[in-house]
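Thanks for sending this one over. Here are my notes, in the order in which I would go through the model with you.

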Amino acid sequence: MSTILLIEQLLNGIQFGVMLFLMAAGLTLIFGVMGLINLAHGSLYMIGAFAAASVATLTGSFVLAILASVVAAALFGAIVEFSIMRRLYERDHLDQVLATFALILIFSEGTRWMFGSFPLYLDVPEMLSGTVLLPGGIHYSRYRLAIIVIGLLVGVGLYLLISKTRIGMRIRAGENDREMIGALGIDISKLYTSVFALGAGLAGLAGALVGAIQSVQVGMGEPVLILAFVVIVIGGIGSIKGAFIGALLVGVTDTLGRVLLPIAFGSFMETSQAASVGSSLSSMLIYLLMAVVLLFKPSGLFGRTQS
Amino acid sequence: DNKVKVGMITTLSGGGAGLGIDVHDGFMLAIAQSGNKNIEVVVEDDQRKPDVAVQLADQMIQSEKVDVLTGIIWSNLAMAVIPSATAQGKIYLSPNAGPSVLAGKGCHPNYFNVAWQNDELHEAAGAYATDEGYGKSFILAPNYPAGKDALTGYKRYFKGEIAGELYTKLGQTDYAAELAQIRASDADSVFFFLPGGMGISFLKQYSGSGIELPVVGPAFSFDQGILQAVGDAALGIKNTSQWNKDIDNPTNAAFVESFQAEYGRLPSLYASQGFDTANLLLSAMDKAEVDDTEAFRAALKLADFKSVRGDFKFGNNQHPVQDIYVREVIKEGDVYTNKIIATALSDHADSYAADCSL
Amino acid sequence: MSLLTLENITASYGASQALFGVDLTLDEGEVVALMGRNGMGKTTTIKVICRLLKNQSGTVCFAGQDISSYPSHRAARLGLGLVPEGRRCFSNLTVWENLMASARQGHWDFDRVANLFPRLQERSSQYAASLSGGEQQMLAIGRALMTNPRTLILDEATEGLAPVIRQEIWKAIAQLKGETGLSILVVDKTLKELALVADRAVILERGKSVWRGQFQALSADVADQYLGV
Amino acid sequence: MVDPVLDIRDIRKQFGALKASDGISLDLKQGEIHALIGPNGAGKSTLIGQIAGRLKPDSGSVHFLGQDISTQSTVQRARLGLGRTFQVSALAMENTVLENVVLGALGNRGKAFGFFKPVMHDKELLLQARAALERVELIDDEACITAELSHGQRRQLEVAVALTMQPKAFLMDEPMAGMGADGSKKLTKLLRELSNDAPILLVEHDMDAVFALADRISVLVYGKIIATGSVDEIRANPDVRTAYLGDEGGV
Amino acid sequence: MINEKTLNALIALLLLAVPLIAWFLDEPFIITLATKVAILALAAVGLNLALGYGGLVSLGHATFFGLGGYSMGILASHAQTYTPLLESPFVLEGTNSMPVIWLTAIVISGLVAFIVGLLSLRTAGVYFIMVTLAFGQMFYYFAISWPAYGGEDGLSIYVRNGFPGLNTLDPIQFFAICYVLLMLVIFFMARLNSASFGLALNAARQNSERVQTVGISPFKLQLVAFTISGAVTGLSGALYADLNRFISPTMFSWQTSGEIMVFIILGGVARLFGPVAGAAIFISLEHVLGGLSEYWHIYLGAVLLLVVLFAKGGLIGSVFRKSVSHG
Ligand SMILES: Nc1ncnc2c1ncn2[C@@H]1O[C@H](COP(=O)(O)OP(=O)(O)OP(=O)(O)O)[C@@H](O)[C@H]1O
Ligand SMILES: Nc1ncnc2c1ncn2[C@@H]1O[C@H](COP(=O)(O)OP(=O)(O)OP(=O)(O)O)[C@@H](O)[C@H]1O
Ligand SMILES: CC(C)C[C@H](N)C(=O)O
Ligand SMILES: [Mg+2]
Ligand SMILES: [Mg+2]
């Protein structure tokens, strides 16, 4: 394989990583910082994509579509927090698992009921379609570049929000001792509703942005869910920086694994068998990565060690 | 009397529901049109989970006491259900999945496939690519048995070289790395089998990648159900199918029209398969009692019904022997659809029939 | 009228009743010691005041409002600053963040708190989880002060603090009382130190306020009977 | 009998730039109560942690009953007979008071991997457990769920669990903290009795208790022991007074 | 007011009575459903030891379920085709005897649980959830791509394996086998929990440091619990494979792990019969609602939501308050 192709693939890996980060961003807030297990995160991602697709079809405007995705998902997030999650903070994590599992069922089938069983259309806007030529003769999709930029912006924004602002401190304090932060005069319920909605909105945004180059269909959120959890856990729960680095690691490992393993096996195997074995192993790779990271750093790369 | 009870196990919820719904709707349309009151259909959702499908089959056989089973979309579910159902003396009519084992060594007198053997559309794609004079194809499919069958099928009929061969992860949604490899290769054509959402993602990303190579594939990524979601990215792409809405015969014209009237959308190849499956069953009911298995099987094997594909006949392994067409994705008004541009294989029988002892 | 008034409070944890009638008042600028043996209901009383536990009967009034139906954050905003039993510092926040998270405008700010507890200044970027016990106690007090309360409620005020620091704190409390008119409700076991600051005392016995009066009037007999000293 | 029971030699531990243990040497002799006092954050709990095995020192060694235990785990040290109480109660909160002490007795017996015999019907364990509860006067609450105890009651239970283990030396981190005046008085008496069975390394800020109990006192400041001596010597030490005791020494 | 023991007995009786009645009424499918309940309950009983009593929230128990299933599939498929499993260094034949298959399933899944536990127990809390998930996913992808036993397609075993003296193809007899195994394991779990191991494990969940300072190694406790837990779930995997006479990589998927977990939460975490109640209710709901509407998942979701919101501590937990909490 030529060096230039290798670099291009590395770039693809990084790009995939940033995209993963964008998908994980909302979950970083809800799970990483607020400490809520929200399996329905993928559903919010899906809701965002469906809202965007519907609005795009109705109005023809991509900007409006993106806006709709954020608003719709945030709205659903707020409703979910207000009517359900709020009652579960004091409970076991496992109750959150069951409740959000139930929400997946409701959201998925609800979406199918409203939109039917066939995928929807959502495409890249004219302005961002096509490729740009990067130095070294690499053609790069303009839209993917845009996703990278947005992912980075969201990352920086989240980092500042969580580590530098009072709101961030309060959220983290609430995760640690909800009763206590209330006793100090903070209306943690209202704060949590807003943050949950923000996390949901980010999920929706990711759903719409990524949905434009993937398929908008029921069930699109589930694979994302697990990947997003993997990313956050590798990085260390509660750390935005960790989530970002975790996402890049996963993106690069997955991409390079997919590309290089079949080639490696091809050196001593028949091509089509090598392709198949290599691809199988590469599917396991990110889980292997997670397991190895956690075996050596039991609280993720940037997680604080729990006492 | 000769009342027939049919158990339909198909995928009605979750991501792959569109296919099951199409098969179901096509099937039910034919039943309704026949006006035959002697047939009762029990429908259950397999959720695309093989263990659920097995349990539903148990339920249909043990409690519902159905005579005929049908409906399964996916090969892995088919493999879980069909062998034991046929072993228990039930007739199984496959409206979609056609795993190679059941066409060859594992064929069974009670098993009829009304759609195709899994490799067939890919074989046709290979034949078409050869006809077009492509010399070097880059081929890819998901890493699961049906995916491997696909690449095997393509290679079986493609006379050129393989520029690259890739298996992607099942359910993969991002293809940047694969696209980079395609661009870097010296291929002159691309063949892919990526059913459902995977295909939509691939095509959208392909069209945004600036790669200009011609693409061929089986109909599974270009069926009526997903074309609208792919949009312009699919325009002009050639794909192979045993059916299309413009196959010129009265049955098909009536089917397309009545399906659209009934359900408000154009039928897909899956719907056509469901429709044919029901009509095949109805034709056999006219000829024999379902309790007389021997006679009923014979009646099925005759395939004396009007297929939307035109002539329809079974080979020795009870899989269709049929023409496979090349279609091109076009836009009719606002709707993306296909039109037939050539015939890739005529009277094509699958490659496993010889292994079948029937 | 008193700043804080509890009248005939009863409260329970699920099925088990913990308070059987507590009366208590606290005036502006006053320091009241809440006393009683282990398990007699001091903490429970404080939880009721801060609305961390609902009372079943009786009323809780603070700053002229009946706060019985308030959520804890609303009560706190009226000016209740709690230093809870067991410190409950936010372990995943740094010292500085612990102090800033709930800070409200007023006399107390980071510099003043750091002045009172220089140790916190030194440790300002350390996570609370790794502070020593006494440092956490300082942080808990500092955190409550940062909300600029009208009433400071200290449950086990000086638990785990070194004698010098304790003396500092009692001095500070006396000073606060004098300078800023802060009123204080304090639970602490060291009688002789309480004596330096407390104006009045309330003693609980099995969830009931059984003795109330001027701290000076607390006789050895009473102390022996209810406190075991 | 080996003397000293516990011998700590030149322990060092650093957190970043902070020297929490800066070359600490200290011993605990049979039958004595050795109090370790010092300002908040001086490194007392850190030292206890290193003796108990929870923290690994950067250098230095710990000898217990003549054996170098520096490389052993907390579990191994406990089984050798090192009993410990925590500054912040560490109990199984959902279990009953009795279950918590039975756990201690079980640890003492050293056979926790019984899969079949109901443990709460084991007469011997119950006897041992109840005896410990009696001593801390918690026997009336044996059926209570630990989470429902008041803070002070939990402190008593903490001591009771250590008792059930019948250790050969006690490490106690602020056992008086959170106990009321009468509780402290009773505990003072109890510790006096206990020291006959096993010596106690006592970390405590309650000077009444320390002065009443300690045979020897060591004063830790910024990770270093600045003085060791009898109660009177320490009270009189001007450095100790400024660093720690304040007015309290003078009484 | 009944006590928990009575309720448990009622659940056990009900699970026995329903298939018996179905047998009289000649409704074999109801028996199959009850068998499914018993088998999946067994999987959940296994997980409950780790998750409920040990506080080890494993999202990788499908690993053991799948290993049990594949033990059955591999052994039986070799027996079916008369090809030995292994020819060198010694000949290893397949088998279709249930007891041998069970033993293999228990040993293999227990062994893997031991290794997975050994590695995963370095982590705690959510990290533990994710490492166990990681192991599950690795097995999942491995099974998908291992063509020898069907890969993604799975593997059909056309006849159910045999048990000496019984006709396992008869639904009621197969049910009896599963039911007896379930009850035996539950009895074993009950003893385990009231024995010293149970007390120590329970304490280790709440406060690992406490257990260490009394001289018991929480790591060992948890490792043993995890191993037993995996072995039990493995056994149920073998039974489940026999119920369907089919195995596939889905058995290894995280959704399977999640479903087993849902049974426990639904029925009551750390309750002896919680997994049984949970599995019974979930499967009944699935069966009843599945017939109601194409969108039955919505109703299933709604019912589950109501349970979490209003039946605190699962069904058994909401009847008997003595809350148990988990990290
Ligand atoms: N969460 C709880 N659930 C049930 N009972 C409780 C709970 N907390 C405290 N109790 C009980 O309520 C009574 C009063 O407890 P409280 O904590 O108010 O005592 P206290 O006076 O603060 O004691 P201490 O000085 O030991 O802190 C005690 O008998 C205790 O057992
Ligand atoms: N993990 C850690 N990381 C950084 N600093 C730490 C850590 N653990 C302890 N420290 C610091 O080490 C110093 C000694 O702490 P230690 O808990 O031993 O004090 P102590 O003498 O027990 O104090 P106290 O009497 O207040 O309990 C403190 O300043 C503390 O902040
Ligand atoms: C629709 C088709 C792509 C289905 C394919 N035969 C499969 O097994 O899975
Ligand atoms: Mg208290
Ligand atoms: Mg300390």
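1. Let me begin with burial in chain A: of its 307 residues, 64% count as buried. Please keep in mind throughout that this is a predicted model.

2. The fold of chain A comprises 11 helices and two strands, and along the sequence the order reads α-α-α-α-β-β-α-α-α-α-α-α-α. Its radius of gyration is 20 Å, close to the 19 Å that the globule rule gives for 307 residues, so chain A is as compact as a globular protein of that length. Contacts between residues 24 or more positions apart make up 74% of those in chain A with a separation of 6 or more.

3. Which chains share the most contacts? Among the seven pairs of chains in contact, that is A and E. No contact joins chain C and chain E, and their closest C-alpha atoms lie 11 Å apart. Chains B and C also lack any contact, with 36 Å between their closest C-alpha atoms.

4. For chain C, an unreviewed UniProt entry annotates residues 4–229 as "domain: ABC transporter". This span is 35% helix and 26% strand, and its end C-alpha atoms lie 29 Å apart.

5. Do look at the magnesium ion (ligand 4), coordinated at 1.9 Å by C:Thr43 (OG1) and C:Glu85 (OE). C:Thr43 sits in helix 1 of chain C and C:Glu85 in the loop between strand 6 and helix 3, so the pair ties together parts that are 42 residues apart in sequence. C:Thr43 counts as buried at 18% relative accessibility, whereas C:Glu85, at 21%, counts as partly exposed.

Technical notes: Residues numbered from 1 in each chain as written. Chains lettered and ligands numbered in written order. Predicted model: local features only at pLDDT ≥ 70, side-chain atom pairs only at ≥ 80, totals over all residues. Heavy atoms only, no water. Contact = heavy atoms within 4.5 Å. UniProt positions renumbered as here; feature names shortened; annotations may be inferred. Helix = DSSP H or I, 4+ residues; strand = E, 2+ residues; numbered from the N terminus. Donors = N, O, S within 2.8 Å, 3.2 Å for Na, K, Ca; no water. Buried < 20%, exposed > 50% of the residue type's maximum accessible area, 1.4 Å probe, protein only. Rg over C-alpha atoms; globule rule 2.2 N^0.38 Å.
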